[in-house]
Amino acid sequence: MLIIVVNFHVCKLIRLLMKENFQQLQIKRRSIRKYTPELLTSDETKLILEAALLSPTSKNKHSWDFIAIEDKDTLKALSLCKPHSAAFIADAAMAVVIAGNPLISNACVEDASIAAINMQMQAEELGIGSCWVQVRNRNYSETITSGEYINDLLNIPMPLEVVCVISFGKKEKERTPADIKNLKWEKVHIGKYELEP
Ligand SMILES: Cc1cc2nc3c(=O)[nH]c(=O)nc-3n(C[C@H](O)[C@H](O)[C@H](O)COP(=O)(O)O)c2cc1C
């Protein structure tokens, strides 16, 4: 336990000394889908969930709920929520299901999305990998949506609708950072919308 605490603080100190600023964090963050078997510490889990709860929400209505899952069997079941691009949830140390309540806010999808990316950025700051798994508008089968499957699996009541699942875990390996010199600046329009000449 002492080693884990010391390790946590040493990593924090190294990051502080490296002066990891927000843009460097954004460049470094990539979707991580391969995790080591290592669990997250309770401090790390708390910081990630605090990032969710600190997120801004439309009219300050906090239209979301978060279900944090560490149980291996539940993670495995969650990984089956859609046929493609969710299997890696089974190997995550933790997954957080983010559900929005449309009766609380008609901006619940936006509220949930902001909380999701804030958790991902907090995870990255801790050196923890994460990946967004889209649930809204996705299907478990021809007759059951991914959201219905998860609501049933986790006893999530109506009218809560799952927007996404974020998987977290220690990275099996680092990925190539984003290329700051190769951003899609053509997507930025100054003053009014203009196509590239
Ligand atoms: C709204 C949204 C939905 C996504 N859904 C999935 C998904 O279901 N499965 C997955 O493996 N990755 C998913 N991703 C991750 C994207 O594939 C990834 O962010 C994108 O390819 C850019 O790569 P990067 O995150 O490494 O920069 C999603 C990302 C976003 C923002």
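This report walks through one predicted protein model, from its overall layout down to single residues.

## Ground rules

Since this is a predicted model, local features need pLDDT of at least 70, side-chain atom pairs count only at pLDDT 80 or more, and totals for chains, interfaces and linings use all residues. Residues are numbered from 1 along each chain as its sequence is written.

## The overall layout

Let's start with the big picture. The chain has six helices and four strands. Here helices (H or I, at least four residues) and strands (E, at least two) are DSSP runs, numbered from the N terminus.

How much of the chain is buried? Of its 197 residues, 29% count as buried. A residue gets that label if 20 or more other C-beta atoms lie within 10 Å of its own; with 12 or fewer it is exposed, and in between it is partly exposed, with C-beta atoms placed from the backbone. Contacts are worth a look too: two residues are in contact if their C-beta atoms, placed from the backbone, lie within 7 Å. Among contacts between residues at least 6 apart in sequence, 79% join residues at least 24 apart.

## How the strands line up

Now for the strands. Two strands pair if DSSP finds at least two bridges between them. S1 and S2 run antiparallel and are joined by six bridges, with Ile 69 partnered by Ala 95 in S2. S2 also pairs with S4, antiparallel over seven bridges, and there Val 97 sits opposite Val 165 of S4. S4 pairs with S3 as well, again antiparallel with seven bridges, and Ser 130 faces Phe 168 of S4.

In a regular strand the side chains alternate between the two faces of the sheet. S2 is covered on both of its faces: Met 94, Val 96, Ile 98 and Gly 100 are buried on one side, and Ala 95, Val 97 and Ala 99 on the other. For S3, five of its seven residues are buried.

## The nonpolar core

A nonpolar core is a set of buried Ala, Val, Leu, Ile, Met, Phe, Trp, Tyr and Cys residues joined through C-beta atoms within 7 Å. The largest one here has 42 residues, and the members touching the most others are Ala 95, Val 97, Ile 98, Met 119, Val 165, Ile 166 and Phe 168. Two or more residues come from each of H3, S1, H4 (72-78), S2 (94-100), H5 (108-125), S3 (128-134), H6 and S4.

Take Phe 168 as an example. Leaving out residues up to four places away in sequence, Phe 168 touches Leu 40, Ile 48, Ala 92, Ala 93, Met 94, Ala 123, Ile 128 and Ser 130.

The buried residues of H5 include Ala 112, Ala 115, Met 119 and Ala 123. The buried residues of this helix pack against H3, S1, S2, S3 and S4. Just after H5 comes Gly 127, with a positive phi of about 80 degrees.

Ser 146 belongs to helix H6. Is Ser 146 buried or exposed? Ser 146 counts as buried because 24 other C-beta atoms lie within 10 Å. Ser 146 and Lys 82 are 64 residues apart in sequence, yet their C-alpha atoms are 5.9 Å apart in space.

## Around the ligand

Which residues surround the ligand? They are Arg 30, Ser 31, Arg 33, Ser 85, Cys 131, Trp 132, Val 133 and Gln 134. A residue is near a molecule if its C-beta atom, placed from the backbone, lies within 6 Å of it.

Most residues other than glycine have a negative phi, and most peptide bonds are trans. Lys 59, though not a glycine, has a positive phi of about 55 degrees. This residue lies in the loop between H3 (42-53) and S1 (64-69), and Lys 59 counts as exposed because it has 11 C-beta neighbours inside 10 Å. Asn 60 also has a positive phi, near 55 degrees, and is exposed with 8 C-beta neighbours inside 10 Å.

Pro 159 is in the loop between H6 (146-154) and S4 (161-170).
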